Amino acid sequence: MKINKHITYVFIFSLPILLLLSCVDETWPELDPSDEDLLVVEGRITNLPGPYTVKLSRTLPMDSLSENNTMADDFVPFTNAVVSITDDQNNSETLTEIEPGIYKTAEGGIQGMVGKSYKLTIVSEDGKAYESDYEEILEPIGIDSIYTKEELVDDVILGYRFVVSSDLNPAERNFYKWELYETYEYHAPYNPQYEFNGVFTNAYTDAQGNFHPGSYSDTRPYNIPKLPNSLNLNVCWQTEKVEGSYRETTKYISTSKIDEFPLHFIYYGHTKLRFKYNLLVQQHSISEKAYNYLEELEEQNSYDENELYTKQPYQMRGNVRNINNSGEPVLGYFYTSGISEKRMYAPPDKRPKHKNEYAAFYCYSANLLSVSYLGVGATNQIDLFLELMSNRPSYWPVYFGPAVIYHPDKMPWDWDIWFAAYPKYCYDCREKGGQLEKPDFWE
Amino acid sequence: MKYCLSRMTRIKPFLVFVLIFLLNCSVFGQVQYPVPKKYDNLNWQSFVEKIKEKYGVRIFYHPDEIKDIRFNIPVDSLSLEKVLNENVKQIGLRAVVTEKGNVFLTKDPFKKSLPKGFFNALAVKTESITDTETQTKEQAEEFLETATEYIPETFVVGSYEKGALLKNVILKGYAKNAISGEAIIGATIMDKESSRGVATDENGYFEINLSKGKHILIIQSVNIKEKRIEVDLRSNGSIELLLDDKVVMLEDVIIRGQRNNKVKTTQMGIERLSIKSVKKIPLVFGEKDVVKVALLLPGVKSLGEGSAGFNVRGSPSDQNLFYINNVPIYNTSHAAGFFSAFNSDAIEEFALYKSNIPISYGGRLSSIFNIKAKSGNKNRFSANGGISPITGRLLVEGPIQDDKSSFLLSARSTYSNWILEVMDVDEDIKDSRANFYDAVTNFSFKINDKNELGIFTYASHDKMKLAGVSTMYKYSNIGGSIIWKHYFNNQKNFFDFSIAHSMYDFTEEVDEVDYLAYKYSNAIDHSELKMDININTIEHHKINYGVNSILYKVNRGLKEPLNQESTISVLELGDEKGIEAGVFISDEWEVSKKLTVYGGLRYNMYSSLGPQKVYKYADGLPKITENVEDSIFFKNNEIIKFNGGLDIRLAAKYMLDDDISLKFSYNRLRQNIFMLSNTIAVSPNFKWKLSDYNIKPSIGDQISAGFFANIFANRYELSIEGYYKKVQNLLEIKDGEDLFLNQNVETSTLQGELDAYGVEFMIKKLYGKLTGWFNYTYSRSSVLVDSELQENQINNGESYLSNYDKPHAINLVATYDFSRRVNISGNLVYSTGRPITYPTGYYYWDDSRIINYSKRNKYRIPDYFRVDLSITVEGSLRKRKFAHGSWTLSVYNLLGRKNAYSVFYKRVSDNIKAYKLSIFGVPMVSLTYNIKLGNYEN
């Protein structure tokens, strides 16, 4: 074996090995400073009521790129610019910078109208003037239907594929972009009985001579308030934008209608499907130019460059330019879209059968902050825990209550009701981002 | 060892015995050939010229031994011998001046008896002086201008008195080896005019009956160098022919053939090399490769190792046309560019025309790479072969009918699969495949003195799969040609008539996902008819005229399911057809001895032919599907679009001196065929496109001027050429467009302008133990695609560097012969890194992280530098042996420098890093064994 290996290295026997001889080394090229720190424009105006937002930022140098950085970490705002949106009849509104780099139209301000064209103008703090092309808001094309289809992904995962079909449109070529917003109901598994906000009250005897002990132990020194039974923090609704880009054009198909275009996929066991799941599909009708821009932006940022034969990458400029210096690269795009919307609920029949996925995943024994038997003699543990928590405001309020505890080392059906402190989100569903108010459209 | 005779001299008769006699006499008394003091500080060349002119002396010397010396002449009227000796002493030479005006410069003390054939005189008389008289005549001026026929002397046989009554005379003689004195058996001695010939017997003796007067005799034999001599037959007489071995003369022959070419032809921007002269150049894996050798020439560049095709003087690779015996080859690479598709065993020589493209060629703007395949040996069977780490090669040739016809069969193939099976290697390696083969057959028939016929075929095939990539590439070239050459009565005028057909097919198979498995293919067919007439009988004119016609058929692409599981639907882009015809005429006119001018016109006619459906786009709007106004259908062979235009060639040569010339040329050409490829390098995945209803032909103009000189007694050839080139309607691909399955290419491409200029400096050492060349090129190339409309711009309408803009390039190629059996050879290659578009920053847009790139080709990858070395050891030089073998050990990239092919960025865990990809990042050692039947030379 060793000899064989040796032969392989000493002599070069065959062409395939040749192809493996290519090697890759790390390098870092010197860059021209003028290629860094460029203006990035992200904004749009639609036929839906405003306010509309325009985001202005600057590019970051390649070497500051790290996967740990979030978008917020990397946001270098382009501040103190005068940003305005003007329509083709010269009606204009100047946007307000509500936070660094985020510019917004006023409530009840400019309203996008189908058939009208709009442009964005930006005057930077140092007086550079930028302008986009005029972009027309196209007639929205109706959504014929949205529904789910059962799909098997990777041979094992069964779930719903949401699909959309558009209305038939007389125009020969339409360019679509879909934005999806999902709303689902979810529950926190427990109702809290006690709440600790870092304030201790000793057991005491009131003026009438009544002794007020701790709620669950005659001997424990501390007292924490009991919560009213009516407090209900465990049913929430969450609305989120579905990740992914969904685009299609009728340019290459014979009928000017989109039929069953696949949107996102959600597997049957997903907690989002546990109660009710609603999907809002926004169908944007955009220009061919904007469509191509989005398409190319995605393509250029998805292919693997570690190949011998790669496409020539290029600087993708959008439709915004420096009026006085067309050589200055301006990135991003100001686009318009005509939007039509439709909502649907995921069919109820495939909701997860599991008792409470949410609890199983997040409010499991391993997540316990503290636990105690509901019995005499076990209170010291709780006291120690409260003393610990009294120094950690980020955990407040710490909720307590009886909870189902599965023994990690026993069978799943071996459980007890213990008195326990789980993390906050096991009692208050808002901790997971949702809201307690039921959305208007919710049925 | 070869001594050369200074030319331009009235050569006096001389006899060997006279010389020997004279050597014993010291020259006393009056100063022989006094040298004026004003010759002080002259260089060797000028001194020799002046002395020759002044006294009519002949000077014999070995050009290699003469270094660049300047004469130091302290006082007036010293003798030539003294002056020479004083000045050549420093370089270890000795000069002897004979009474008859012969000057010999030698290293060793001058010997009293000279070896036979020392002076390489073409013939030395053997019979008594009174019987015949041999003398050389002034060289014809014509010989100086045409390097093809070397007939420097006329031998006078007999005398007028003796032959007064004779009509025909008998010439007798012996043919002998100039070195060994061995009789040469079976040499043919042919009178050129009457084509009457005889062969020598076992003693080398011959006898030929010819009319009185001047004759050109052509002496040929297998092992000797062909010799042509002029005899003036006055009466019966005899001569002794001293003939040179081919082996000894080999390199000189090549050099002789070329020496005057560069300076004396009107052509410029031409690189011509024979396979023999390049065989020692080390190349990767020891594969001899004409295309890779071409990359060592000035003005020729490639994107990097592993990229097919090359760029000549700043032009894209589709502006080059490759012909092998009139068969055009549309993919000239094996294994995606690691090797070229031409097996050098079967190649005689190649010529690369970079600026003044001959009028008989059209259709490509930048260069014509014309390869001449070997013809089979008409006299004897021969075979040779070789084994390198990659391929096995075999060539068989021989006569079909002695002296009349011959065949040549040559094939080369990889055997890596077999190795892979035998060896226990990595799965990854086993998974890769790169197989190729190519084969050439060439049949030559000499029907009679006036007609020659050649039938040639070419085939190559490639199958390539890279490890870890589930794409299989297959492509092949198949072609053939029939060439008929006819000489008119005078043997000087001739025509070539040829029919050629070439087919190129490409297939890509992708089977990564079963249900998406597909096969994609495209193809091009090229059929060409050409008639080319050369008239050389009009004094001072060389006229070339003719017609040619090419029918192109392009299969634009077909995507179909690869297997039954695949759900891919069939997509067919259809065929495309075009016919290109040209009528051309050119004349090379020698206005005076110093000035020659050349002019050529070619009327090019191109028609795009139906059946085809084409789109008409609204005027003044970008050609995108949104702007289609109308679609028009053309019937079969209906003319869709006609492009006519006049190609122009102009050239002039002015001889400043016998060895120095200035040249100028202007070329205008047109191109109707384009290569489409979105990738940076020429990957196997490209396809061809004809100009059509919407795509205009490219027009290229090039002006070049040059200075050419043979210096240091012709040992060096020097050239400096400058050029400026402009191409209109260059077809460029829009940013980010995919051409893979594009129905309407015009929507994804734009036509712009290419600007290129440069200076090429080249010096070549032609003979001696050390031979080779050095060149430096400064060149620039940029593209501009601008328009009022943003959609019609590339790089925002700003000019950008072309992918192959490499301003500085240096190539050094050198071979040193230790002996006839051992030589060492090396290359040194440097060039500026090619331009690249770098990622320069990133940002977020619509919640996604986006990488921003610089303007097109704003940056460069690191510079390229490589050193190669090879050692060749030949087997014994014994004459009588069954087979001759040679070993070549070559190291490519000796320093193991990791030259960048490209620089790219990649996500690695939590970071993005920049990487440099090198193709051959380590020294590549290979050992090749070559074997052939017969001895060293055969």
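Colleague: Which side chain meets A:Glu295 in a salt bridge?
Modeller: This is a predicted model: local features need pLDDT of at least 70, side-chain atom pairs count only at pLDDT 80 or more, and totals for chains, interfaces and linings use all residues. Residues are numbered from 1 along each chain as its sequence is written, chains are lettered from A and ligands numbered from 1 in the order in which they are written, and side-chain values use heavy atoms, leaving out hydrogens and water. A salt bridge puts a side-chain nitrogen of Lys or Arg within 4 Å of a carboxyl oxygen of Asp or Glu. Here N to O is 3.0 Å, and the partner is A:Arg247.

Colleague: How many residues apart in sequence are the parts that A:Glu295 and A:Arg247 tie together?
Modeller: Helices (H or I, at least four residues) and strands (E, at least two) are DSSP runs, numbered from the N terminus. A:Glu295 lies in helix 3 and A:Arg247 in strand 21, so the gap is 48 residues.

Colleague: Is A:Arg247 buried or exposed?
Modeller: Buried means under 20% relative accessible area, exposed over 50%, partly exposed in between (1.4 Å probe, protein chains only). A:Arg247 has 15%, so it is buried.

Colleague: Which residue of helix 3 pairs with A:Asp133?
Modeller: A:Asp133 sits in the loop between strand 10 and strand 11. The closest N and O atoms are 3.3 Å apart, and the partner is A:Lys289.

Colleague: What is the torsion about the S-S bond of A:Cys236 and A:Cys429?
Modeller: A disulfide is a pair of cysteine sulfur atoms within 2.5 Å. These sulfur atoms are 1.8 Å apart. The disulfide is right-handed because the torsion is about 75°.
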